[in-house]
Amino acid sequence: MNPDDRVVVVGASLAGLRAVEALRRDGFAGPLTLVGAESHRPYDRPPLSKQVLTGDWDDSRVFFRQKDGYDALDLELRLGCPAVALDASARELHLADGARLAYGGLVIATGGAPRTLPGPSLSGVHVLRSLDDARAVRQALLQRPRVAIVGAGFIGLEVAAACRKLGLSVTVVETLPVPLAGVLGRRLGERVAELHREAGVDLRCGVAVAALRGESRVTGLALSDGSEVAAELVVVGIGVRPCTEWLESSGLALDNGVLCDERCAASLPDVVAAGDVARWHNPLFGETMRVEHWTHTVEQANAAVARLLRGPGVEPFAPVPYFWSDQYDVKLQFAGRVRADDDLHVVVGQLSDRKFVVLYGRAGRLTGVLGFNAPAQVMQFRRKIAERAPFPG
Amino acid sequence: MKIVVDFDLCQSHGLCTQAAPELFEIRDDGFLYILNETPPEALRGKLEKAVRECPTAAISIEE
């Protein structure tokens, strides 16, 4: 990339914002454009399923920078204008308003879109990804509905926790026999399920949604076991698909995300990707992965920008994925990459406590750490995972 | 340069303790402690990394 060429960052959420900040911090002085599909300035998503839903926060608190906070970055901010195509041979990006943007370097940070249930849309059925989604769910919660949540992933369970905090009746429906087994392993997935049941959530696992009930407005769910759940509000949290449709004719290698190498470089020159949309090879785990967590996005935006500016000589991007979730009085923190059947070794407390630390291992190597209300220990073990420490130690 | 932590925002994620272990520590009580509020210039890079990586934007630098 020529240092005077324009860099375009597509996607104005956490990854895109951190990318433009990193570009300026790392000395890129050329023209810079940040393109966003939503009309909002970049904002933080984790509070949307927590403080914004409970009303503990006014939702204006989620914005990363105020309007004038963008002046220092000296960039062109094009919001409310999604990218619709990439012409890699002409090095041009096509936007929804018909504009074409020439680039010398491109950062793809278009994130993901929530999966939805098949069938016609009914009012009262929501997803929770964007600020507008969160505002709509918050408004619906003020009517004190009975709530049904489809999917016991982190979003679904955080919404469940927020609803219980508001004293609402909540049913969660999950097709897997144990929630979160893929990310926390079966035993700890069961522990999280227990947390929700103790808090009064009707958590039903191993059962699918057969149909939404209601004519124009939802009245409940019909489940695959023949049972019915009455609800005036349904929140669907069944995962995210990476936003890559706009790249389908670009020639860029796509496979459940933008495929990248160990340094976040995509398959075309001077194109990198970061955040939920990027699927890259993590040499620490020897695995090609796509990670949808806040800390990961911050780290990957920096790594992708380093690769774009400094070329293939930069260090590979080999992070230990970290995430947290707040549910009731538990701060859950996890670092690593585990499988459902990894071995467990409890190092602080017991799994039945509100405070514990458990390590995960496979083939003699430490693969993960989970803490409930144990922040002092989780980061220490995250470092050990990065150092490829043995297990059980 | 002075480290300022907004303890109303801090949720003890502990990422700062990884970015700048010389400056931040989480103790067994679960709370964050600043080890040196006025760090030497040599630690600026690590401190700035801690600021960037804090999930709740609780850390700032006062010049």
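Start at Phe323 of chain A: its bridge partner in E23(A) is Phe334(A). Before going further, note that this is a predicted model.

Zooming out, where do E22 and E23 sit in their sheet? The sheet is open, has 5 strands, and reads E22-E23-E26-E25-E24 in chain A, with antiparallel pairing. At the edges are strand E22, 322–327, and strand E24, 343–349, both of chain A, and each of them pairs on one side only. From one strand to the next the twist averages 20 degrees.

Chain A has another open sheet to show, this one of 3 strands, in the order E4-E5-E6, again with antiparallel pairing. Its edge strands are E4, 83–87, and E6, 100–102, of chain A. Ignoring direction, neighbouring strands here are turned by 25 degrees against each other on average. Within this sheet, strand E5, residues 92–95 of chain A, pairs with E6(A) over 3 bridges, in the antiparallel sense.

Now the domains. Chain A is divided into three pieces: domain 1 covers 7–113 + 241–310, domain 2 covers 116–238, and domain 3 covers 329–386. How far apart are the C-alpha centres of domain 1 and domain 3 of chain A? They lie 30 Å apart.

Next, the contact with chain B. On the chain A side there are 13 residues, and they are in contact with 14 residues of chain B. Which elements of chain A give two or more residues to that side? Helix H7, 294–310, and helix H8, 375–386, do. H8(A) gives the most, with 6 residues. By type, the chain A side divides into 8 nonpolar, 2 polar and 3 charged residues.

H7 of chain A also turns up when we look at a helix of chain B, because it is part of what covers the buried residues of H2(B). Helix H2 of chain B spans residues 44–53, and its buried residues are Leu47(B), Ala50(B), Arg52(B) and Glu53(B). Besides H7 of chain A, the cover includes four elements of chain B: strand E1 (2–5), helix H1 (15–19), strand E2 (24–26) and strand E4 (59–62).

That is where I'll stop.

Technical notes. Residues numbered from 1 in each chain as written. Chains lettered and ligands numbered in written order. Predicted model: local features only at pLDDT ≥ 70, side-chain atom pairs only at ≥ 80, totals over all residues. Pairing = 2+ DSSP bridges. Axes fitted to C-alpha atoms, helices over the stretch in contact; angles between N-to-C directions. Domains from an automatic or database assignment. Contact = placed C-beta atoms within 7 Å. Nonpolar A, V, L, I, M, F, W, Y, C, P; charged D, E, K, R; others polar. Buried ≥ 20, exposed ≤ 12 C-beta atoms within 10 Å, placed from the backbone.
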